[in-house]
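We will begin with an annotated stretch, then turn to an interface and to some charged side chains.

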4 protein chains.
Amino acid sequence: MTAQATSEEHAHGYITDKAKYLNRMRRIEGQARGVTKMVDDEKYCIDILTQISALTSALQAVAVGLLDDHLKHCVLDAARMDSADAEEKIKEASDAIARLVRS
Amino acid sequence: MTAQATSEEHAHGYITDKAKYLNRMRRIEGQARGVTKMVDDEKYCIDILTQISALTSALQAVAVGLLDDHLKHCVLDAARMDSADAEEKIKEASDAIARLVRS
Amino acid sequence: MTAQATSEEHAHGYITDKAKYLNRMRRIEGQARGVTKMVDDEKYCIDILTQISALTSALQAVAVGLLDDHLKHCVLDAARMDSADAEEKIKEASDAIARLVRS
Amino acid sequence: MTAQATSEEHAHGYITDKAKYLNRMRRIEGQARGVTKMVDDEKYCIDILTQISALTSALQAVAVGLLDDHLKHCVLDAARMDSADAEEKIKEASDAIARLVRS
């Protein structure tokens, strides 16, 4: 989880926001540990459900942000270069959207 | 995250499945760390989204399980004892369901 | 879709709010026809998606309301009478919640 | 709801699949009327919820399909022409995705 291993790999294009996504994912990890502790401490079920809803919303916000970055970078770049590649990337993105909407 | 601190507190009724929920939540924590690492390693965006969808589904399955236990234990117990309390518990449960459906 | 055919059948318990649910469903039917018309008129895709999101939220609100009524009436009544029947009804409700959360 | 009124308007690009979307939306309208009738006939609540889940899934499938078409046509066309316009269109699409994921 250190950054140096990947410092030379910028291929997937969302590096400008990487710190923001890492912060959000670390907060999500903390929320997941919080839910585990609530279960272990046998907190009131409804309070645990409230935390799980918050965690799910936070994850979906990360997913929507990543997808937006993906469309902006990978898909636009592909569109400017190569139609077949752009269509393949849009198909992947649409499949990912379908999974998110259903999950 | 050890069990002894709460070993005398059985009030919230889902103790029989506690080990199962703790296992599921620990797997979810691992999945969240995996997503963080994928972001840090700048893995392909669509692959990260696939993992987030799987994580969201796992969280929703925990939520639906906890809600089922809550209805079976707290709500049924309340219904047998005291109508006003049962109605209050059902209101709480319905509010939690609304949050889950929208999250 | 007239009321008289069912005026003697009160078994499912949500009759007190029936007019409210019928109004909401008729508005939803109108929203669905509106989406069809937008497709037929080739309106801007994003505007159609906005209407579909509103329609989905309206349907989920109906579902959460019906579930709340079901818990308040069928499940509480069963709980006061017969444990086995109450548990069966809670199982059904939990399965319905799982389908809603995933849909 | 007739096609001739719009036969000369191809601007939004999904005309090739228009018949498919109209068929799906008309089926959805029928499903909505079916739910209204189930409420009016006071059918068992859980059965109504099952139909609402099916209807919600059908609507989401239409939304995901329209979004896919939008990305393929409007966004790719814009990308080939004009970066600023493509970015605006992607922002709109991402906002629509966020609404769908949360609805």
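This is a predicted model: local features need pLDDT of at least 70, side-chain atom pairs count only at pLDDT 80 or more; totals for chains, interfaces and linings use all residues.

UniProt, in an unreviewed entry, gives residues 76-103 of chain A the feature "coiled-coil region".

**Chain A as a whole**

Zooming out, chain A contains 3 helices and 0 strands, and its pattern along the sequence reads α-α-α. Chain A has 103 residues, of which 51% count as buried. If you look at contacts in chain A between residues at least 6 apart in sequence, 52% of them join residues at least 24 apart.

A handy landmark is Ala84(A), which sits in helix α3 (residues 83-102) of chain A. Ala84(A) has a relative accessible area of 55%, so it is classed as exposed. From Ala84(A) to Glu29(A), 55 residues away along the chain, the C-alpha separation is 38 Å.

**Where chains B and A meet**

The size of an interface is often expressed as the accessible area lost when the parts come together. For chain B and chain A, about 4900 Å² is buried between them, with 66% of it on carbon and sulfur atoms. Chain B brings 50 residues to the contact and chain A brings 51 residues.

Polar links are found here too: 12 residue pairs are in polar contact between chain B and chain A, counting pairs with both residues at pLDDT 80 or more. On the side of chain B that touches chain A, α1 (18-40), α2 (45-81) and α3 (83-102) of chain B each supply at least two residues. The largest share of that side comes from α2(B), with 17 residues. By residue type, the side of chain B that touches chain A splits into 26 nonpolar, 12 polar and 12 charged.

The interface of chain B and chain A also holds 4 salt bridges. In one salt bridge, the side chains of Lys18(A) and Glu42(B) meet at 3.0 Å, N to O. Lys18(A) and Glu42(B) also belong to a salt-bridge network with Asp40(B).

**Charged pairs within a chain**

Over all chains, the whole structure has 32 salt bridges. The table lists some that lie within a single chain.

| Salt bridge | Closest N and O atoms |
|---|---|
| Lys20(B) and Asp17(B) | 3.7 Å |
| Glu29(B) and Arg33(B) | 4.0 Å |
| Glu29(D) and Arg33(D) | 4.0 Å |

Lys20(B) is partly exposed at a relative accessible area of 38%, and Asp17(B) is partly exposed at 24%.

What separates Glu29(B) and Arg33(B) in helix α1 of chain B? They are 4 residues apart in that helix, so about one helical turn lies between them. Glu29(B) counts as buried at 7% relative accessibility, whereas Arg33(B) counts as partly exposed at 35%.

Glu29(D) is buried at 8% relative accessibility, while Arg33(D) is partly exposed at 37%.

**A stop in chain C**

Is Asp68(C) buried or exposed? Its relative accessible area is 14%, so Asp68(C) is buried. Asp68(C) lies in helix α2 (residues 45-81) of chain C. Leaving aside residues up to four places away in sequence, Asp68(C) touches Ile90(B) and Ser94(B).

Key: Residues are numbered from 1 along each chain as its sequence is written. Chains are lettered from A and ligands numbered from 1 in the order in which they are written. Side-chain values use heavy atoms; hydrogens and water are left out. UniProt positions are given in the numbering used here, feature names are shortened, and annotations may be inferred rather than shown by experiment. Contact means heavy atoms within 4.5 Å. Buried area is the accessible area (1.4 Å probe) that two parts lose on being put together, summed over both. A polar contact is a pair of N or O atoms within 3.5 Å; within protein, one must be able to donate a hydrogen and the other to accept it, and residues adjacent in sequence count only if both atoms are side-chain atoms. Ala, Val, Leu, Ile, Met, Phe, Trp, Tyr, Cys and Pro count as nonpolar, Asp, Glu, Lys and Arg as charged, and the others, Gly among them, as polar. Buried means under 20% relative accessible area, exposed over 50%, partly exposed in between (1.4 Å probe, protein chains only).
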